Amino acid sequence: MNLGARIAFFVAILIGIAATAVYILHPRALPAPAQATRPSAETRLLARGEYLARAGDCVACHTEINGKPFAGGRPMPTPFGALYAPNITPDEETGLGLWTADDFYRMLHQGVSRDGTLLYPAMPFASYTKVTRADSDALYAYLQSVPPVKQKNRPHELGFPFNNRDLLIGWRTLYFREGEYQPDPSQGAQWNRGAYLVQGLGHCAMCHTAINALGGSSESKAFEGGMIPNQNWYAPSLTSNREAGLGDWPLQDIADLLQTGVSHRGTTYGPMAEVVYNSLQYLSDEDAMAMAVYLKALPRRESEAPPTSQARLVDPAVMELGRKVYAVQCAACHGGEGEGHAPAFPPLKGNQSITMLSPVNSIRMVLNGGYAPGTLKNPRPHGMPPFAHLLDDEQVAAVVTYVRVAWENNGTPVTPAQANELRKLLPE
Amino acid sequence: MTRALSLLLATVGLALAGTPVRAQDATTPAFKEVDSIEARVQGCVTCHGNAGQGTRDGYYPRIAGKPAAYLFNQLVAFRDGQRKYPPMNYLVATLPDAYLREIAQHFAAQRPSFAPQTTVQADAATLERGRVLATQGDSRVNVPACTACHGVALAGMEPGIPGLVGLRSNYIVGQLTRWRVGDRHAAAPDCMARVAARLSDPDIAAVASWLAQQSPKDAAPEPANLQRMPYACGSTGAR
């Protein structure tokens, strides 16, 4: 072998080694998985539980402002004293760490804690009793998966006699009907899904059914509206077309109001904005629509006759003052004729939440303003400023009266005393 | 089109009304496009003015031109309850971070002219004490000058320190007092709490009176880290 052939031989060997090295070292696609990458059954259960926890808005009561999620401690003022929502993280000492799925289902379904204590109905077990065992198990699995927080429950601050839980036996006899949701075979799957969500996890009845002096709500009054205790907001009736009855609404507007916080017919503010922000915005389009279908189909029950023309009479001087205030302060957003710029600025003409019997929410909006909730589908909502510092009681009453009766709105006038009463109650 | 029409109608309504209830001013809702940040922040204008310049009456602070990170921190603190003022807590309770940041950036970029000074009821000795505290501090009680952190022109410093000019004395007194009693906090380490703890009531009144009398020329905050600050401040770190 001459020198040239030797060099060629070595070069050939080197090339061979290099090629082998490249072949071995070069990254390749990972071997195909045994089965297509799909979340495990466990992951799907937890995701479902998280979704249901949002539908049930657990976080709203069980998380202190700025506190760790689900660690409890948030005060809930009631007419009977302050209640403190408990820690529902899986901490074994202070939370639900030692609970079984059976314990959790009994609590949700019967309102009885693991140790047999009867729960106060601030926990909406009268609604949650409708939740299926499968959904309860998913919720349980999810809550067991969140970070445990060691935080002792704060004792409730209830006055006598409400601090005696034996009284709850009486309350339960009067107002509690235990039982999972039973589908109505005469209705479709979508209606039944909506009913399940509204009556069950959504616990809409907690606000939208009037609470009586015993803190109970009667089934015959379901969804007929009422003042929300200790919040000074009025939760309108969902069954009366004079209030928030949705019989006249297009389905998409109802679904939008729930999921987006705004619609072409009206906007959510105050406690309902919080519900949308914490809970309803996370619903799937299908579930929001199912709730809309059920709500729209609620049987219409007018609990009050429409106001007589006598009741709608307004002093012309009040009307003129209201019109002037409206032109300066309100027309830029709500339009010269109350037509609004929906969904950014809600219409006032033909808006049931303006004309309904209780003027509380309208007066509050004028005094304190409000922002629609920032949601996945409406992350940059428009808002209304407070006018409490610019308008006196007479002007507030006049402008609220004006929007309740102008443009063929069929509301009734409000008095400066009503404005004053709310002004004193509200934060300034 | 409907927008223009309704504005027209509103204007006509105003003209027909003869003497309007209130003259059109900085606190009256007004904007050009519904789909704009100006329209979205109408919820702020009756207290803070259309451009964040503050309003003639009351306690409501000027927010225009304050550093965006400062305004964002305050909005988040109002939403989450670390800073307590019920009307603000209520208004921003359900607004997400990204939107609060946009609102903060909007008002930080505004440069409206300053409102006329308010007359301050304070004697010459009080004002002099206020001037000394604001511009030199008081080493005997370990209080640094306001200008050491809030900028030589007291127009604030990027990214997190607010301007003090253009604020009214009752707002400044309110904030310093809240800080001193532990009612208002900033991100740890809370430098303002250290300062407020060393201020007496008369000192708070003096510095607030003097600050309220200053007429600023340049409203822009100083750039970050132009000078070394006497205390470590958590709020200087932008979120």
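Modeller: Axes are lines fitted to C-alpha atoms, for helices over the stretch in contact, and angles run from 0 to 180 degrees between N-to-C directions. Helices are DSSP runs of H or I with at least four residues, numbered from the N terminus. This is a predicted model, in which local features need pLDDT of at least 70 and side-chain atom pairs count only at pLDDT 80 or more, while totals for chains, interfaces and linings use all residues. Residues are numbered from 1 along each chain as its sequence is written, and chains are lettered from A and ligands numbered from 1 in the order in which they are written.

Biologist: What makes H13(A) roughly perpendicular to H16(A)?

Modeller: H13(A) and H16(A), residues 393-405, pack at an angle of about 90°, with their axes 7 Å apart. Angles of 65 to 115 degrees count as roughly perpendicular, under 35 as roughly parallel, over 145 as roughly antiparallel and the rest as oblique. The pair is therefore called roughly perpendicular.

Biologist: Which residues make the contact between H13(A) and H16(A), and how are they divided by class?

Modeller: Two residues are in contact if their C-beta atoms, placed from the backbone, lie within 7 Å. H13(A) contributes residues including A:Gly322, A:Val325, A:Tyr326 and A:Cys330, and H16(A) residues including A:Ala398, A:Val399 and A:Tyr402. By class there are 10 nonpolar, 3 polar and 1 charged residues. Ala, Val, Leu, Ile, Met, Phe, Trp, Tyr, Cys and Pro count as nonpolar, Asp, Glu, Lys and Arg as charged, and the others, Gly among them, as polar.

Biologist: Why is A:His203 called buried?

Modeller: A residue is buried if 20 or more other C-beta atoms lie within 10 Å of its own, exposed if 12 or fewer, and partly exposed in between. A:His203 has 23 C-beta neighbours inside 10 Å and therefore counts as buried. A:His203 lies in the loop between helix H8 (189-199) and helix H9 (205-208) of chain A, and has a positive phi of about 35° although it is not a glycine.

Biologist: What makes B:Leu154 buried?

Modeller: B:Leu154 has 23 C-beta neighbours inside 10 Å, so it counts as buried. Its phi is near 60°, a positive value in a residue other than glycine. B:Leu154 lies in the loop between H8 and H9 of chain B. The loop between H8 (147-150) and H9 (169-180) of chain B also holds B:Pro159, which a cis peptide bond with omega of about -5° joins to B:Glu158.

Biologist: Which residues touch the most other members of the largest nonpolar core?

Modeller: A nonpolar core is a set of buried Ala, Val, Leu, Ile, Met, Phe, Trp, Tyr and Cys residues joined through C-beta atoms within 7 Å. Of the 151 residues in the largest one, A:Val399 and B:Leu211 touch the most other members. H13(A) gives the most to this core, with 10 residues. Not counting residues up to four places away in sequence, A:Val399 touches A:Gly322, A:Val325, A:Tyr326, A:Cys330 and A:Val366.

Biologist: How many residues does each chain give to the contact between chain A and chain B?

Modeller: The contact takes 38 residues from chain B and 36 residues from chain A. On the side of chain B, the largest share, 6 residues, comes from H3(B). The residues of that side divide into 23 nonpolar, 11 polar and 4 charged.

Methods: Helix = DSSP H or I, 4+ residues; strand = E, 2+ residues; numbered from the N terminus.
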